[in-house]
Amino acid sequence: PHKSVFDNIAFGLKYRKVPKDEIARRVADALQLVQLPDVGERVPAQLSGGQQQRIALARAIVIQPDVLLLDEPLSALDAHLREEMRVELKHIQRELGIATVFVTHDQAEALALSDRVVVMNRGSIEQVGTPEEVYNNPATEFVAGFLGHSNILSGHVSGTDDGDLLRIQPAAGGAEILARPRANEHWQVDDQVRLVLRAERLLLAKRHEACTRQHTVLDGHISAVDYQGQAARYFVTTGALELQAINPIDRHPFAEGAAVQLRIRSEDCVLLQQARA
């Protein structure tokens with residue numbers, strides 16, 4: 001904390017015996033890269049939290065590492081700064097082309113920043129893939145529950161519909177749910193399943209609006225509303241089930257107690273093997 005920003009960034013270069021003129025050039029380049037070219041003479045206490053994070057990044061990249069390791073670098077920042085730095089980090093990483101391992105417990109950060117995601121549970125790898133693969137096709141229940149808001153229901157395959165669709169009967173009872181299995185999956189009638197329904201993929205509408213055949217349509221009512229500005233997370237009671245649905249809103253969200261129609265597209269259903277006891 002007693003060193004200037006310049007000396008903080010130059011620290012690793014000095015211990016690598018880099019010539020002074022090259023140190024000055026590389027520190028200036030690093031400051032330019034993190035968009036803080038004029039703070040070299042300040043000390044850390046004179047910087048905001050976001051600026052301090054940028055300087056820490058500059059100190060790491062100035063030595064031109066083969067691999068950049070970032071361990072929850074945004075965890076101490078407020079929500080607005082986190083989003084700002086997330087965009088900045090991705091830009092810097094692309095510009096430098098340094099292989100980067102970014103450790104985070106923030107699902108949005110993992111999905112937004114990565115080319116490949118590794119989801120780990122108690123030291124073991126649960127799934128590796130692109131953000132789209134891991135989010136849309138979770139390999140395990142842990143992955144489904146960890147990334148985003150998911151409804152995970154126990155049930156069994158009760159039959160087929162239109163040849164390529166399965167009818168899933170939730171264990172809690174109520175109406176069957178139509179699911180389209182993935183191309184490499186083979187399910188049989190009476191197979192036990194865990195049905196994953198992403199909250200972001202469940203669609204809410206007013207009762208009695210028209211709907212396609214490949215949607216499951218459930219009548220229910222709003223039991224609670226978590227207003228989030230541009231979207232709202234609704235808790236919808238339908239029969240014996242309570243499901244979460246996250247929908248964008250125009251101006252006014254559905255009110256608590258409102259009667260709604262919950263639509264589930266067959267292609268948005270993910271089927272997982274029922275875990276053995």
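The legends below accompany an overall view and several close-up views of a predicted model of one protein chain.

**Figure 1**
Taken along the principal axes, the C-alpha atoms of the predicted chain fill a box of roughly 75 × 40 × 30 Å. The radius of gyration of the chain is 25 Å, whereas a compact globule of 277 residues would have a value near 19 Å. Of the 277 residues in the chain, 40% are buried. Among the contacts with a separation of 6 or more, 59% are between residues 24 or more positions apart.

**Figure 2. Helix 1 and helix 2, which pack at an angle of about 125°.**
Helix 2 spans residues 20-33, and its axis lies 10 Å from that of helix 1. The angle makes helix 1 oblique to helix 2, and helix 1 passes helix 2 in a right-handed crossing. On the side of helix 1, the residues that meet helix 2 are V5, F6, I9, A10, L13 and K14, and their partners in helix 2 are I23, A24, R26, V27, A30 and L31. Sorted by class, this contact has 10 nonpolar residues and two charged residues, with no polar residues.

**Figure 3. K17, in the loop between helix 1 and helix 2.**
K17 has a positive phi of about 60°, although K17 is not a glycine. Is K17 buried or exposed? With a relative accessibility of 72%, K17 lies above the 50% cut-off and therefore counts as exposed.

**Figure 4. Helix 1 and helix 3, whose axes come within 7 Å.**
Helix 1 covers residues 5-14 and helix 3 covers residues 49-61, and their axes cross at roughly 30°. Because that angle is under 35 degrees, helix 1 counts as roughly parallel to helix 3. The crossing in which helix 1 passes helix 3 is right-handed. Helix 1 contributes V5, N8 and I9 to the contact, while helix 3 contributes I55, A58 and R59. By class, the contact of helix 1 with helix 3 has four nonpolar residues, one polar residue and one charged residue.

**Figure 5. Helix 3 and helix 4, which pack at an angle of about 20°.**
The axes of helix 3 and helix 4 are 11 Å apart. The angle between them makes helix 3 roughly parallel to helix 4, and the crossing of the two helices is right-handed. From helix 3 the contact takes in G49, G50, Q53, R54, L57 and I61, and from helix 4 it takes in L81, E84, M85, E88, L89, I92 and L96. The residues of this contact divide into seven nonpolar, three polar and three charged.

**Figure 6. E72, in the loop between strand 1 and helix 4.**
The loop that holds E72 runs between strand 1, residues 67-71, and helix 4, residues 79-96. Phi of E72 is near 45°, which is a positive value in a residue other than glycine. The relative accessibility of E72 is 25%, so E72 counts as partly exposed.

**Figure 7. E133 in helix 6, a helix of residues 131-136.**
At a relative accessibility of 41%, E133 counts as partly exposed. Which residues does E133 touch, not counting residues up to four places away in sequence? With those residues left out, E133 touches Q127 and P138. E133 and D191 are 58 residues apart in sequence, and their C-alpha atoms are 25 Å apart in space.

**Figure 8. T238 in strand 11, a strand of residues 231-238.**
T238 has a relative accessibility of 9%, and T238 counts as buried because that value is under 20%. Once the neighbours within four places in sequence are left aside, T238 is in contact with L218, D219, G220 and L243.

Key
Residues numbered from 1 in each chain as written. Predicted model: local features only at pLDDT ≥ 70, side-chain atom pairs only at ≥ 80, totals over all residues. Heavy atoms only, no water. Axes fitted to C-alpha atoms, helices over the stretch in contact; angles between N-to-C directions. Helix = DSSP H or I, 4+ residues; strand = E, 2+ residues; numbered from the N terminus. Parallel < 35°, antiparallel > 145°, perpendicular 65-115°, else oblique. Left-handed = near helix turned anticlockwise from the far one by under 90°. Contact = heavy atoms within 4.5 Å. Nonpolar A, V, L, I, M, F, W, Y, C, P; charged D, E, K, R; others polar. Rg over C-alpha atoms; globule rule 2.2 N^0.38 Å. Buried < 20%, exposed > 50% of the residue type's maximum accessible area, 1.4 Å probe, protein only.
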